[in-house]
Each structure stands twice: as structure tokens, then as C-alpha cells.
Amino acid sequence: MSEPTQHPGRPRRGTSVAGVLRAAGVFVAGFALAVTALLPWAGLTAEFGILDASLTHAVRGVDAGPGWFVLGAGITAMLLGVLGATRNWLFTGLAILPGAVAAFALAMFLADPRDLVGRLDFQISGLLRVHPTIQYGWFAGLLASVALAVLAAAALLRRR
């Protein structure tokens with residue numbers, strides 16, 4: 001008896017269109033997560049009252065250890081999304097693990113006690129105020145990690 005022919009470009013038998021769409025969503029969320037590691041996560045802002053100006057020194061995600069974990073989690077999620085589309089739906093569901101690792105790394109970035117000196121907050125009334133800021137890259141990373149976890153959980157729950 002002959003085997004069914006696999007056509008290139010088509011998903012394997014048993015992979016539905018909805019499963020491929022969920023895997024594509026995991027891939028896109030993983031890509032977004034990897035990109036957020038390159039964005040500014042935090043900074044030290046100095047506001048000058050006399051000049052009505054401010055100056056910010058930004059720290060990108062990959063400038064600290066947790067940023068590399070987020071980058072690796074994003075790349076891993078992209079790989080799992082591709083495997084979920086081409087092989088088995090379970091790979092798409094396993095992408096919940098890189099999403100959790102990224103969320104934990106983002107939390108550890110804020111809670112790092114060694115970087116306390118760089119996050120001091122002081123002011124000279126009316127003249128100068130220096131304070132730490134959380135910038136858009138950190139929030140984008142958190143959003144991407146939550147989206148990744150939700151999409152992966154949807155892939156797991158959908159197959160139950």
C-alpha cells in the first residue's frame with residue numbers, strides 16, 4: 001500500500017488551519033519579544049528646573065543579563081512556533097515556557113539589588129531632580145511575554 005504524498009508548502013496531516021494560525025501568532029509574539037530586548041528598558045533622567053530641560057541616559061535590555069534571557073526566550077518561541085506549524089501542535093503550546101522565562105527576567109530586571117546605586121532618586125528643589133525611569137521597551141517586553149503565554153495556552157487548551 002502506498003503512503004499518502006506530502007505536498008511541499010502544506011502542513012503535515014493533522015495540523016489544522018487554526019493550529020497553523022496559532023503557531024504563526026506564537027512566532028510573531030516571539031519575534032516581538034526578541035526585538036524588545038534591543039529597546040531601552042530603563043534610564044536615569046535628570047530634569048533641570050532653571051532650563052526647563054531634561055536629559056535621560058537609557059539602558060537597553062541587552063545591556064543587562066535579563067535582556068539576554070528575554071532575547072533567548074523570544075528566539076526559542078519563534079522556533080517553537082515554526083515547529084508547531086510544521087510538526088505538531090504541542091510545540092506551539094510549549095512556547096508558554098519561554099513566555100514565563102521572559103516575564104520572570106523582566107521582573108528580575110526591576111528587582112536587581114546590585115544596580116541600586118544607578119537608581120538613586122534625589123532632587124535640589126527647583127534646580128535639579130534625578131530619578132530612575134522605566135522606559136517603553138520594558139513595557140513592550142512585558143506585553144509580548146504575556147501575549148506569547150496567552151497564545152501558547154490557547155494552543156494547549158484548544159487541543160484538550
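Student: How many aromatic pairs does the rule give here?

Tutor: The count comes to two aromatic pairs. Rings of Phe, Tyr and Trp (its six-membered ring) pair if their centres lie within 6.5 Å; planes under 30 degrees apart count as stacked, over 60 as edge-to-face and the rest as tilted. This is a predicted model, in which local features need pLDDT of at least 70 and side-chain atom pairs count only at pLDDT 80 or more, while totals for chains, interfaces and linings use all residues. Residues are numbered from 1 along each chain as its sequence is written, and side-chain values use heavy atoms, with hydrogens and water left out.

Student: Why is the pair of W41 and F109 called edge-to-face?

Tutor: The ring centres of W41 and F109 are 5.0 Å apart and the planes stand at 85°, so the pair is edge-to-face. It links distant parts of the chain, 68 residues apart: W41 belongs to strand β1 (residues 40-48) and F109 to helix α4 (residues 96-110). Helices (H or I, at least four residues) and strands (E, at least two) are DSSP runs, numbered from the N terminus.

Student: What makes W41 buried or exposed?

Tutor: Buried means under 20% relative accessible area, exposed over 50%, and partly exposed in between (1.4 Å probe, protein chains only). W41 has 0% relative accessibility, so W41 counts as buried. F109, at 4%, is buried as well.

Student: Which kind of pair do W138 and F139 form?

Tutor: W138 and F139 form an edge-to-face pair, with 5.2 Å centre to centre and 90° between the planes. W138 is buried at 9% relative accessibility, whereas F139, at 45%, is partly exposed.
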